[in-house]
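Dear colleague,

I am passing on the structure we spoke about, and my notes on it follow below. Please read them with the coordinates open.

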Amino acid sequence: MLMLIATIAFSSTISASTNLSEKVDEPNLISETVSKLLGRPYFQLNEDINTKVVIAINKDKEIVVLSVDTKDKKVENYIKSRLNYKKIPNDVIVDGVEHYTIPIKMLKSERL
């Protein structure tokens, strides 16, 4: 009985490890890239800003901002200037134009 349990456990481990995909988790990688590109804004924020940014990835692996869901023009211009036509990592596989909606949270500036 013990041998049967050990055999099943071992075969489950082998089959689980053979199904692993080496494909990069593209949406997470793109979100991380966007986060790094945005960095910290150069202007003061009086309140937290929550927005959604819709981007496309073109065939040259560049980000193209399609829309920014905010009424604050300064925030919109900042996001567009930091993201438009910036390259994404080579790990990301792009077949044609891909669209992604990325939630963005910009935190209120700390007063010194």
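**What was found**

The protein chain exposes about 8,300 Å², of which carbon and sulfur atoms supply 54%. Please bear in mind that this is a predicted model. The chain holds 3 helices and 3 strands, which follow one another along the sequence in the pattern α-α-β-β-α-β. Of its 112 residues, 29% count as buried, and among contacts between residues at least 6 apart in sequence, 73% join residues at least 24 apart.

The largest nonpolar core has 21 residues, among which Val 34, Val 53, Ile 55, Ile 79, Leu 83 and Met 106 touch the most other members. At least two residues of this core come from each of helix H2 (26-38), strand S1 (49-57), strand S2 (63-68), helix H3 (73-83) and strand S3 (98-106).

Turning to the aromatic residues, Tyr 42, Phe 43 and Tyr 78 form one cluster. The rings of Tyr 42 and Phe 43 have their centres 5.2 Å apart and their planes at 80°, so this pair is edge-to-face; Tyr 42 is exposed, with a relative accessible area of 66%, whereas Phe 43, at 9%, counts as buried. The rings of Phe 43 and Tyr 78 are also edge-to-face, because their planes stand at 85°, with the centres 5.5 Å apart. Since Phe 43 lies in the loop between H2 and S1 and Tyr 78 in helix H3, this pair ties together parts that are 35 residues apart in sequence.

With best regards

Note on methods. Residues numbered from 1 in each chain as written. Predicted model: local features only at pLDDT ≥ 70, side-chain atom pairs only at ≥ 80, totals over all residues. Heavy atoms only, no water. Helix = DSSP H or I, 4+ residues; strand = E, 2+ residues; numbered from the N terminus. Buried < 20%, exposed > 50% of the residue type's maximum accessible area, 1.4 Å probe, protein only. Contact = heavy atoms within 4.5 Å. Areas by Shrake-Rupley, 256 points an atom, 1.4 Å probe, with all protein chains shown as cover. Core = buried A, V, L, I, M, F, W, Y, C linked by side-chain atoms within 4.5 Å. Phe/Tyr/Trp six-rings, centres within 6.5 Å; stacked < 30°, edge-to-face > 60°.
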